[in-house]
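Trainee: I am new to this structure. Please take me through one part of it closely, and start with the chain around that part.

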Amino acid sequence: MWLSLKDENTVPPQMPGDVWAHVQFHHEHVFMVRNLSLEQLHQACPTDAGIPPQTRQPDLEDILLAMLREYRRPQAKPATRLTV
C-alpha cells in the first residue's frame, strides 16, 4: 500500500494486520501488509491525512525486497533468519 501524507512531520496511521515492511520517502509511506481488508484500511487511514491510499498486490520481487529491508534494519528483529 502506498500512502501519501500532508508533510514529512505527519505521523502515519497505525496499520492493522501484519506489517511486513514500512519504508518512508519524505511524506510518502510504503507499507507491505498481510491480513488487512479494504474496510480496515479505510478505517485506519482518515481522509484528511492526505491522498487516499493506493493498493496493489505485491509480486515476488516486492516481497523479497521488503523482507531484506526489514532484515537489514538494525532495530528490526526478524522472526526468521535468512540463510544461504
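Mentor: Of the 84 residues in the chain, 24% count as buried. Keep in mind that the model is predicted. The accessible surface comes to about 6500 Å². Carbon and sulfur atoms hold 54% of that surface.

Now the layout. The chain has two helices and four strands. From the N terminus, their order is β-β-β-α-β-α. Among contacts with a separation of 6 or more, 46% join residues 24 or more positions apart.

Take V30 as the part to study. V30 sits in strand β3, which covers residues 28-34. V30 counts as partly exposed because its relative accessibility is 22%, and buried means under 20%. Leave aside residues up to four places away in sequence, and V30 touches M1, W2, A21, H22, V23 and F25. Look at M1 in that list. M1 and V30 are 29 residues apart in sequence, yet their C-alpha atoms are 5.8 Å apart in space.

Two or more lining residues come from each of β2 (18-25), β3, α1 (38-44) and α2 (60-72). The largest share, five residues, is from β3. By class, the lining has 15 nonpolar, five polar and four charged residues.

Definitions and conventions:
Residues are numbered from 1 along each chain as its sequence is written. This is a predicted model: local features need pLDDT of at least 70, side-chain atom pairs count only at pLDDT 80 or more; totals for chains, interfaces and linings use all residues. Side-chain values use heavy atoms; hydrogens and water are left out. Buried means under 20% relative accessible area, exposed over 50%, partly exposed in between (1.4 Å probe, protein chains only). Contact means heavy atoms within 4.5 Å. Ala, Val, Leu, Ile, Met, Phe, Trp, Tyr, Cys and Pro count as nonpolar, Asp, Glu, Lys and Arg as charged, and the others, Gly among them, as polar. Accessible areas come from the Shrake-Rupley method with a 1.4 Å probe; for residues, only the protein chains shown count as cover.
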